[in-house]
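Trainee: I am new to this structure. Could you take me closely through the place where the two chains meet, and then through the residues worth a second look?

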Protein chains: 2
Amino acid sequence: MSIKKDYLRPIDFKTGRIDMNHGAGGRAAAQLIEELFARAFENPALREGNDGAVLPAPPPGHRLVMATDAHVISPLFFPGGDIGALSVHGTVNDVAMMGAQPLYLAASFILEEGYPLADLKRLVDSMAAAAREAGVAIVTGDTKVVEQGKGDGVFISTTGVGWLPPGRRIAGDQAQPGDVVLVSGTIGEHGVAVLSLRESLEFETAITSDTAALNGLTAAMLAAVPEGSVRVLRDPTRGGLATTLNEITRQSGVGITLDEAAIPVLPQVEAACELLGLDPLYVANEGKLVAVCAPDVADTLLATMREHPNGHAAARIGVVTEDPHRFVQMTTRFGGRRVVDWLSGEQLPRIC
Amino acid sequence: MSIKKDYLRPIDFKTGRIDMNHGAGGRAAAQLIEELFARAFENPALREGNDGAVLPAPPPGHRLVMATDAHVISPLFFPGGDIGALSVHGTVNDVAMMGAQPLYLAASFILEEGYPLADLKRLVDSMAAAAREAGVAIVTGDTKVVEQGKGDGVFISTTGVGWLPPGRRIAGDQAQPGDVVLVSGTIGEHGVAVLSLRESLEFETAITSDTAALNGLTAAMLAAVPEGSVRVLRDPTRGGLATTLNEITRQSGVGITLDEAAIPVLPQVEAACELLGLDPLYVANEGKLVAVCAPDVADTLLATMREHPNGHAAARIGVVTEDPHRFVQMTTRFGGRRVVDWLSGEQLPRIC
């Protein structure tokens, strides 16, 4: 059912640019969907070309998990990734953090008039590759175009769904005093990579974003220990590790005590943060997770994480405590103790 | 688990404005979510405050339907609605057009720095009211902020899911020669209402957008006739009735012949279109649907539609024909015949 024969010329992905017609719902929009999005994301639901996607029934008793993220990162291409891959990883990870296996994504694009089609194609191809790698299908989408100066190149909102097995509950309010806090690897790379590019800084050792889909890692973790022993999973994106841990203490009504020396940070990230006046604890990650687990499974869970490519530098970084103030505190390298508060200002705008 | 006690002042919804901190994932973002979004959209899944929502398992054998829409309409408030209500209706309708009952929405907001919080609150309250009226819950969301001049007030992407009963197939490729084409009411109001406002035109009789959720109407229609006799449901939004019918003829490999005299258009819309140089066939609707059905159920379906508030002006407007060219043709009021082509330019930018 190609519409190509209706057109004199295929889309010019070398020198062409987005114009208002690409968002008008007529012929140009249909052509863009067919020659770019449907081709890159190729799957049966999308091929149907309806207003929505029909997807298989879940296994009996499985609940639905749904998560959404708008992506407005600037610049659109950064060391280690781009907004296309990021928009898949961000939402896949949100579904995975609920303990579900992400399966399907919806993607909506807000494009700025004049944006080069060659760059759009690069982003969409990257998005398709990220989805394939994560094992999810982009099954439905929408494209809108805004006038030059009313957007910023490309914004992508993605929504993910997946199935949650019966009886599983992994949530921010499940942490209990005595539980152990693990992190899946070194923190701060994503934010530092993006900011370095913005500030045109170069470091001796390149810093690349850690953007990655974590559903493979979470599946391995959940298979390794008894149901119920993983209490919380969360990816420390905007606001960084510090903000994520404060969300957990607030939701669970507990405290957390961190061991600063145990928190893994690459030396070049530490150096860059010093130069940029940033605290790695507040810098966004896009391929890391925090796990709170029962103390008796911590060793098994940590070993499982370290065996996975996305968890090879996993570490035990703290414990959950009883604390009516719900503080996150940290034992510093020098043996002192300080409160690690929420991010209160804007450390890094448009980081995801 | 209020975080209000952590703040000196509640958000100023009278004179305050969006600033970059509201998108940073820290304290200000959490406060905006708690005091605006969570309060307006109030439901158990959202109250949990996790990265995603956990939703009940579907009835056995039911498949998942998923649809998404980005909304970039300008201006944000228009006669008969606003971007908040529109963003609910648009996605609810896409799910309903697949024959599913929409149940849950995810919403992602891209806000421009400096946007008045009072206006944002109005939009969000309108969105919440539209969701309540449509019987759907906004269960998860995301908020990002871009610098002044990098957005245009508010963009809202919504994704909807619902359950599709076993055996039901309603899709653009199901139209068969001999089928009847129905429309649920007068066409063109939404586009004309928005454009009139943009052009500061005033008409003797006010024209308001038809924006509405159609899931009640589709449920009534599907309950009234045997499974399989409703072949296609589609809402003629961007590109209007003409473009929607062309999509159907392309997908189904058929032709459609319309009867111009039977297509309902309000006289004031007709007059406005003449003045504005628009053809109502190409003007966007946001509360209308096209149904293609088996000929033997057409009368029953039409009567059912006319009994529903959103279908009181429903009409039989054409028939499906055999046509290898897949043309939409129209018998004009003067007895002539012309091809009704796809929308090929940009008739109305940023209409939804």
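Mentor: Here is a walk through the interface, followed by some single residues.

The model is predicted. Begin with the area. About 6800 Å² is buried between chain B and chain A. Carbon and sulfur atoms give 56% of that area. On the chain B side, B:Asp51, B:Met66 and B:Arg238 supply 11% of the area that chain B buries against chain A. That is more than any other three residues. Why quote an area at all? The size of an interface is often given as the accessible area lost when the parts come together.

Next, count the residues. Chain B brings 85 residues to the contact, and chain A brings 84 residues.

Now look at the polar side of the interface. Twelve salt bridges cross between chain B and chain A. The interface also has 33 residue pairs in polar contact. Which elements of chain B give two or more residues to the side that touches chain A? Two of them are helices, α1 (27-41) and α7 (240-252). The strands are β1 (53-55), β2 (63-71), β5 (101-112), β6 (137-146) and β7 (154-164). By class, this side of chain B has 37 nonpolar, 25 polar and 23 charged residues.

The side chain of B:Glu147 meets the side chain of A:Arg350 in a salt bridge, at 2.7 Å from N to O. A:Arg350 lies in the segment after β14 (337-339) of chain A. Is A:Arg350 buried or exposed? A:Arg350 counts as buried because its relative accessible area is 6%, and the cut-off for buried is under 20%. Its backbone also deserves a look. Phi of A:Arg350 is near 50°, a positive value in a residue other than glycine.

A:Arg326 sits in the loop between β12 (315-321) and β13 (328-331) of chain A. Its relative accessibility is 28%, so A:Arg326 counts as partly exposed.

Why point these out? Most residues other than glycine have a negative phi, and most peptide bonds are trans.

In chain A, a cis peptide bond joins A:Ser74 and A:Pro75, with omega about 0°. A:Pro75 is in the loop between β2 (63-71) and β3 (77-78) of chain A. In chain B, a cis peptide bond joins B:Ser74 and B:Pro75, with omega about -5°. B:Pro75 is in the loop between β2 and β3 (77-78) of chain B.

Finish with a histidine of chain A. A:His190 belongs to helix α5 (residues 189-198). A:His190 is buried, since its relative accessible area is 0%. Its side chain makes a polar contact of 2.8 Å with the side chain of A:Ser209. Beyond its neighbours within four places in sequence, A:His190 is in contact with several residues, including A:Ile73, A:Phe78, A:Asp210, A:Glu286 and A:Ile351.

UniProt lists residues 176-329 of chain A as "domain: PurM-like C-terminal", in an unreviewed entry. Over residues 176-329, the chain is 34% helix and 18% strand. The end C-alpha atoms of that stretch are 16 Å apart.

How values were computed: Residues are numbered from 1 along each chain as its sequence is written. Chains are lettered from A and ligands numbered from 1 in the order in which they are written. This is a predicted model: local features need pLDDT of at least 70, side-chain atom pairs count only at pLDDT 80 or more; totals for chains, interfaces and linings use all residues. Side-chain values use heavy atoms; hydrogens and water are left out. Helices (H or I, at least four residues) and strands (E, at least two) are DSSP runs, numbered from the N terminus. Buried means under 20% relative accessible area, exposed over 50%, partly exposed in between (1.4 Å probe, protein chains only). A polar contact is a pair of N or O atoms within 3.5 Å; within protein, one must be able to donate a hydrogen and the other to accept it, and residues adjacent in sequence count only if both atoms are side-chain atoms. Contact means heavy atoms within 4.5 Å. UniProt positions are given in the numbering used here, feature names are shortened, and annotations may be inferred rather than shown by experiment. Buried area is the accessible area (1.4 Å probe) that two parts lose on being put together, summed over both. A salt bridge is a side-chain nitrogen of Lys or Arg within 4 Å of a carboxyl oxygen of Asp or Glu. Ala, Val, Leu, Ile, Met, Phe, Trp, Tyr, Cys and Pro count as nonpolar, Asp, Glu, Lys and Arg as charged, and the others, Gly among them, as polar.
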